[in-house]
Amino acid sequence: MSGALRRSAIGGGAAVLGLVLVKALWVGGVRVSARELLEGGAREDLMTRRAYLLDRLAFQKGEGDSPAGLPEKFRGEWALGALSMSGTAMVQIALADPETREESRDRVAQWIDQAQRPALQRFDTRAWGRNALATLESPEGHLGYLGHLNLLLASHKYLGGDGRFDGLHRRITESLRAKLERSPVLVAETYPGEIYVPDVVAAVASIALFEKATTGDSPFARRWVARARERLLDPATGALPFSVDLPGRVRQGPRGCGMGWNSFYLGFVDPKFNREQYDVMKTVFAGRAGGIVPGIREWPRGVRRGGDVDSGPLIGGLTPSGTGFAIAGAVLNGDRAFLGDLLNTSEGAGFTVQWKGRRRYATAPLVGDAILLSMKTARPWDTRYLRRNPR
């Protein structure tokens, strides 16, 4: 029911954290503390997880590493999710460890080629009846696929890309901008008739990264935030809704899985707005299962509903996916105490294992490892590696 990559990534996050609320009751500690993560002391953990992803991200059939029995649609989503999340992680790691930049740049170029294979586009093509790259001038949204391909293209550019994708990057950015501008509230469809605000946020993030790389500023991001403040925020909570229609009427109100996701991508759009939404997330959605295990609730206090593919299985009202994604918000906003809680919870679910210098979460599919590495390494992107500004 949610957008392509967001749905796949949330599903992967749920798989990573699915057992967390039970296991965290007895898991004794966390391999990386909030202090280490915020102060640069987690290099070994991040580099061994990076090495695992580099080993695994070479899809021969285009559908990645997905659990047995996963429907064909989600196999494509999970594969694209693993590539997109790994791309952002590679940039963030390279900004802290410049020696990784060239290898990461070359690998992201390979992932861009993989993402354009028919097998990785199939989930979106079947939903719309047409290939997303053949509809760049049409009103069709294709937001889940195009937004995250654009994020991969941005990752290559910010790693000092050689320009081979510049034309495609510009065309997709201009297409996304035009698709969003057809709505008075600057939203577009993920699938026909389905608009998910978290997918919109990710697409806006990809536009902001392109504009900042080319001009140093993102006028579109400013306009989008202004419009969101005026027309989209839930009057009761101040949170962005989960789903709307093209005029901006709410179809589904705020949810914890969406708020966690937004806490990463809004960092590229507007740090101040990200901080505002992060504070709302903590006020409205932070909670403890059984009064003990910390995390993000799927629904605001007083709302009783079940979970779905986006939230993951709710335990004590907490969403596994929203809890995992909220790590990025805590990192970006320097919230050490809450970050420590979330790291303990995620480690309780993941059960870190290491073999031959490769570290991963034992209970996670590949996309889950990619998500959590990107969330842990979240940081503002600067332009030091851009070809127009080599240093």
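# Reading a predicted protein chain: a dialogue

Tutor: The protein chain has 16 helices and six strands. Helices (H or I, at least four residues) and strands (E, at least two) are DSSP runs, numbered from the N terminus.

Student: What kind of model is this, and how are residues numbered?

Tutor: This is a predicted model, in which local features need pLDDT of at least 70 and side-chain atom pairs count only at pLDDT 80 or more, while totals for chains, interfaces and linings use all residues. Residues are numbered from 1 along each chain as its sequence is written, and side-chain values use heavy atoms, with hydrogens and water left out.

Student: What percentage of the residues in the protein chain is buried?

Tutor: Buried means under 20% relative accessible area, exposed over 50%, and partly exposed in between (1.4 Å probe, protein chains only). Here buried residues make up 62% of the 391 residues.

Student: Is Ser-155 buried or exposed?

Tutor: Ser-155 counts as buried because its relative accessibility is 0%. It lies in helix H8, residues 143-158.

Student: Which residues does Ser-155 touch?

Tutor: Contact means heavy atoms within 4.5 Å. Not counting residues up to four places away in sequence, Ser-155 touches Gly-87, Thr-88, Val-91, Val-108 and Trp-381. A polar contact is a pair of N or O atoms within 3.5 Å; within protein, one must be able to donate a hydrogen and the other to accept it, and residues adjacent in sequence count only if both atoms are side-chain atoms. The side chain of Ser-155 reaches the backbone oxygen of Gly-87 at 3.4 Å.

Student: Which backbone oxygen does the side chain of Ser-346 reach?

Tutor: That of Leu-343, at 3.0 Å. Ser-346 is in helix H15, residues 336-350, and is buried, with a relative accessible area of 2%.

Student: How are two packed helices described?

Tutor: By the angle between their axes and the distance between the axes. Axes are lines fitted to C-alpha atoms, for helices over the stretch in contact, and angles run from 0 to 180 degrees between N-to-C directions. Angles under 35 degrees count as roughly parallel, over 145 as roughly antiparallel, 65 to 115 as roughly perpendicular and the rest as oblique. Helix H10 (residues 197-215) and helix H11 (residues 219-231) have axes that come within 8 Å and cross at roughly 150°. H10 and H11 are therefore roughly antiparallel to each other. On the H10 side, residues making the contact include Val-200, Val-204 and Ile-207; on the H11 side, Phe-220 and Trp-224 are among them.

Student: At what angle do H13 and H14 pack?

Tutor: Helix H13 (residues 271-285) and helix H14 (residues 320-332) pack at about 125°, with their axes 10 Å apart. H13 and H14 are therefore oblique to each other. The contact is made by Asn-274, Tyr-278 and Met-281 of H13 and by Ala-326, Gly-329, Ala-330 and Leu-332 of H14.

Student: Where is Lys-356, and is it buried or exposed?

Tutor: Lys-356 is in the loop between strand S5 (352-355) and strand S6 (358-361). Lys-356 is exposed, with a relative accessible area of 66%. Lys-356 has a positive phi of about 55°, although it is not a glycine.
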